[in-house]
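Here are some notes to read alongside the model. They start with the place where the chains meet and then turn to a few residues.

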There are 2 protein chains.
Amino acid sequence: MSTVTPAKKPTRIQLRNRTRILDAALEIFSQHGYRGATLDQIAAASGLSKPNILYYFDGKEDIHVTLLNQLMDAWLAPLREIDPNGDPLEEILRYVHRKLEMSREFPRESRLFANEILQGAPRIAPHLESGLKSLVDETSILISGWIAEGRLAPVDPRHLLFSIWATTQHYADFDAQVRVLMEDRPVHEGAGQYLDTLYRRLLKP
Amino acid sequence: MSTVTPAKKPTRIQLRNRTRILDAALEIFSQHGYRGATLDQIAAASGLSKPNILYYFDGKEDIHVTLLNQLMDAWLAPLREIDPNGDPLEEILRYVHRKLEMSREFPRESRLFANEILQGAPRIAPHLESGLKSLVDETSILISGWIAEGRLAPVDPRHLLFSIWATTQHYADFDAQVRVLMEDRPVHEGAGQYLDTLYRRLLKP
DNA sequence: AAATTTCTTGACCGATTGGTCAACGTGTGG
DNA sequence: CCACACGTTGACCAATCGGTCAAGAAATTT
């Protein structure tokens, strides 16, 4: 995949520089999209020269794909943490708050993902088909089970997940719009309260 | 603004070609973002030559800005149609369904807007400050009034609007993801039912 | 049908893009 | 301290970008 470390242990320098590059690339890609980002921008942001960046990665696309791969794991983690043995309503609300927290804490990752999906997911489609789909299928079955037991109000599990993703990521992805409309109000605090109310009223059996 | 028709009446040819160009540009811009779209792509999609496109528009940015201007009007229209004298819950639900319908009917417009906001709204910021902000402020006051009268459950009006935008536009903006997870299920039909339940339970006093 | 305006385009341009390469440092194990 | 792999870069390249221009084709007006 990458030029360096075809099968050997990464040097300290390799580890440090690959991290630097990926962090700079995340900043640039999430801000300008794949096509809008340039290697020169990433080079400047990482403090390395352009040829040096190509020494650590096979090219622009390699950097982008590496970022997306790293992202998918972290992005799906909260969904995996839903406890089938916990209280249904509280488990889902915890998931909502965790996703909102990630939206505030990792807005660049959220925008990187949004950009990729907006363009039709050309470089992440395999991950969606495999990792995401099976996890969503499992979670849907879990939620359906909870509903059948009467522990949650009846809703379509998939649309529930869509709405949770949409409402939480909105604060990162549409930050430019939210910022204009909220002026100097405490955005995320109000969002936490609102979303808690929203999903509590929806799901209370 | 544009090269042609500085102050005169537009010819039939001008009207036809400008429409062709804008339609092709909407397709390309919404698919690849501003930076990712090229004039050659727009030229090919519109069936005109590149110099001919530049005869009708001052440049790439002029086309993009023209699209965004047209978009903002149509995008805000449903919000203006909320009737202060109607039934609060039904007015808001009608707004939700109208927005969802637009998401299904005009996904390219939704993605064009999402792309612009994701990049930090560099070319549409003035419209947000002026048109959108005042309209949202008015609507927030209206909703707050309804809540004070006890005709709606108490929620933050601004976060309510955010969640409506997020949940409805999600089906257009994240279509690539939704398509994978819903396979051949009737996506929008289920979405309409789900969102109706969601906001009805949230807002019922 | 001539005159004039509107419309169309092939050829071209400078700038920027992702990527290459040879040459030159630099760290590290023997 | 020396050999050798690792790390770094200035100079360069072909391709593509948005945009220009002069010259010709079509409409429209007279």
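How many salt bridges does the rule find across the interface of chain B and chain A?

1. The rule finds two salt bridges across that interface, a salt bridge being a side-chain nitrogen of Lys or Arg within 4 Å of a carboxyl oxygen of Asp or Glu. Lys133(A) forms a salt bridge with Glu183(B), and their closest N and O atoms are 3.2 Å apart.

2. A word on the ground rules: this is a predicted model, where local features need pLDDT of at least 70 and side-chain atom pairs count only at pLDDT 80 or more, while totals for chains, interfaces and linings use all residues. Residues are numbered from 1 along each chain as its sequence is written, chains are lettered from A in the order in which they are written, and side-chain values use heavy atoms, leaving out hydrogens and water.

3. Back to the interface: 55 residues of chain B are in contact with 55 residues of chain A (contact means heavy atoms within 4.5 Å). The area buried between the two chains is about 4,800 Å², with carbon and sulfur atoms giving 68% of it; buried area is the accessible area (1.4 Å probe) that two parts lose on being put together, summed over both. Leu118(B), His159(B) and Tyr194(B) supply 16% of what chain B buries against chain A, more than any other three residues.

4. Now for some aromatic rings. Over all chains, the count comes to eight aromatic pairs; rings of Phe, Tyr and Trp (its six-membered ring) pair if their centres lie within 6.5 Å, and planes under 30 degrees apart count as stacked, over 60 as edge-to-face and the rest as tilted. Phe29(A) and Tyr34(A) are stacked, at 5.7 Å centre to centre with 10° between the planes. The rings of Tyr55(B) and Tyr56(B) have their centres 5.0 Å apart and their planes at 85°, so this pair is edge-to-face. Phe162(A), Trp165(A) and Tyr171(B) form one aromatic cluster.

5. Buried or exposed? Buried means under 20% relative accessible area, exposed over 50%, and partly exposed in between (1.4 Å probe, protein chains only). Phe29(A) is buried, at 1%. Tyr56(B) is buried too, at 6%, whereas Tyr55(B) is partly exposed, at 45%.

6. Finally, Asp196(B) lies in helix 10 of chain B, residues 187-203 (helices are DSSP runs of H or I, at least four residues, numbered from the N terminus). Asp196(B) counts as buried because its relative accessibility is 18%. Not counting residues up to four places away in sequence, Asp196(B) touches Leu93(B) and His97(B).

Terms used:
Helices (H or I, at least four residues) and strands (E, at least two) are DSSP runs, numbered from the N terminus.
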